[in-house]
Amino acid sequence: MRTRAVPLRVLGIDPGLTRCGVGVVDVAPDRSARLVHVGVIRSDAGAPIEERLAVIAAGLRAIIDAHSPSVVAVERVFAQHNRQTVMGTAQASGIALLVAGERGLPAATHTPSEVKAAVTGYGAADKRQVQTMVARVLRLDELPQPADAADALALALCHAWRGGAPAAASGPLTPAQRAWHDAERLARR
């Protein structure tokens with residue numbers, strides 16, 4: 001079985017209208033990762049929706065042009081009590097998927113609990129735990145800020161680990177990767 005010999009470059013996107021987190025990582029076949037880019041695309045909350053979505057689309061296109069990811073991972077919209085927040089998140093998510101499609105990039109969505117389990121080993125981890133593990137995995141001196149940016153990096157890591165080489169080909173899984181793998185196996189039953 002052949003494994004990929006070069007790192008996989010993943011653009012993770014934590015969609016939001018006011019703050020859209022973006023993170024680009026290179027993940028090697030041995031599942032080690034390196035930070036390429038992290039940031040937040042911001043839109044003015046007082047601007048018309050079409051302008052806000054255009055700002056997000058332009059920001060995503062610029063990041064894709066600058067960093068040439070191989071794949072895009074977007075947080076899957078989940079039900080919240082605030083319908084307005086859900087709508088804005090869904091709209092930003094749609095823009096992210098559209099831009100990936102425009103650029104011919106494969107795209108995948110991952111639930112927040114799937115991402116948390118992949119990165120921390122616990123699907124109900126809090127924001128601080130996610131930030132801490134992302135910083136540890138990427139060997140960062142400080143926690144990635146704001147949380148939207150850390151979430152985008154976690155999405156990218158989750159996608160790379162999920163679609164990466166099998167454990168037998170790349171070495172032993174970390175405890176977080178093993179917990180995620182077990183959760184995935186149980187979910188398929």
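Predicted model: local features only at pLDDT ≥ 70, side-chain atom pairs only at ≥ 80, totals over all residues.

Reader: In what order do the elements of the chain run from the N terminus on?
Author: The secondary structure comes to seven helices and five strands. From the N terminus on, these elements run β-β-β-α-β-α-β-α-α-α-α-α.

Reader: What percentage of the contacts in the chain with a separation of 6 or more is accounted for by residues 24 or more positions apart?
Author: The chain has 189 residues, and buried residues make up 46% of them. Among contacts with a separation of 6 or more, the share that comes from residues 24 or more positions apart is 62%.

Reader: How wide is the arc that the buried residues of helix 1 cover around the axis?
Author: The buried residues of helix 1 are Arg52, Leu53, Ile56, Ala57, Gly59, Leu60, Ile63, Ile64 and His67. They lie on the same side of helix 1, because the arc they cover around the axis is only 160 degrees.

Reader: Which residues are exposed on the other side of helix 1?
Author: The buried residues of helix 1 pack against strand 1 (8-14), strand 2 (19-27), strand 3 (33-42) and helix 2. On the other side of helix 1, the exposed residues are Glu50, Asp65 and Ala66.

Reader: Is histidine 67 buried or exposed?
Author: Histidine 67 is found in helix 1. Leaving aside neighbours within four places in sequence, histidine 67 is in contact with Arg9, Val24, Val36 and His37. Its relative accessibility is 16%, and the cut-off for burial is under 20%. Histidine 67 therefore counts as buried.

Reader: What distance separates the C-alpha atoms of serine 68 and valine 10?
Author: Leaving aside neighbours within four places in sequence, serine 68 is in contact with Arg9 and Ile63. Valine 10 and serine 68 are 58 residues apart along the chain, and their C-alpha atoms are separated by 9.0 Å.

Reader: Is arginine 31 buried or exposed, and what is its relative accessible area?
Author: Most residues other than glycine have a negative phi. Arginine 31 is not a glycine, yet its phi is positive, about 75 degrees. Arginine 31 is found in the loop between strand 2 and strand 3. It is buried, with a relative accessible area of 13%.

Reader: Does arginine 139 count as buried or exposed?
Author: Arginine 139 also has a positive phi in a residue other than glycine, with a value near 55 degrees. It is found in the loop between helix 4 and helix 5. At 58% relative accessibility, arginine 139 counts as exposed.

Reader: Which residues does the cis peptide bond join?
Author: Most peptide bonds are trans. Proline 146 lies in the loop between helix 4 and helix 5. Omega is about -10 degrees for the cis peptide bond that joins glutamine 145 and proline 146.

Reader: Which exposed residues does helix 4 carry on the face turned away from its buried side?
Author: In helix 4, Val130, Gln131, Val134, Ala135 and Val137 are buried. They fall within an arc of 165 degrees seen down the axis, so they line one face of the helix. These buried residues pack against strand 3, helix 3 and helix 5. The face turned away carries the exposed residues Arg128 and Arg136.

Reader: Which residues are the closest to the centre of the largest pocket?
Author: The largest pocket has a volume of about 600 Å³. Of the 27 residues that line it, the closest to its centre are Pro15, Gly16, Thr85, Thr89 and Asp148.

Reader: Which element gives the largest share of the lining of the largest pocket?
Author: The lining residues divide into ten nonpolar, eight polar and nine charged. Two or more residues come from each of helix 1, helix 2 (83-102), helix 3 (112-120), helix 4 (127-137) and helix 5 (147-163). The largest share, five residues, comes from helix 2.

Key. Residues numbered from 1 in each chain as written. Heavy atoms only, no water. 1 Å grid on protein atoms, 1.4 Å probe; cavity = no way out; pocket = protein on both sides within 12 Å on 5 of 7 lines; lining within 4 Å. Points joined across faces, edges and corners; volume = space filled by probe spheres on them. Helix = DSSP H or I, 4+ residues; strand = E, 2+ residues; numbered from the N terminus. Nonpolar A, V, L, I, M, F, W, Y, C, P; charged D, E, K, R; others polar. Buried < 20%, exposed > 50% of the residue type's maximum accessible area, 1.4 Å probe, protein only. Arc of directions from axis to C-beta. Contact = heavy atoms within 4.5 Å.
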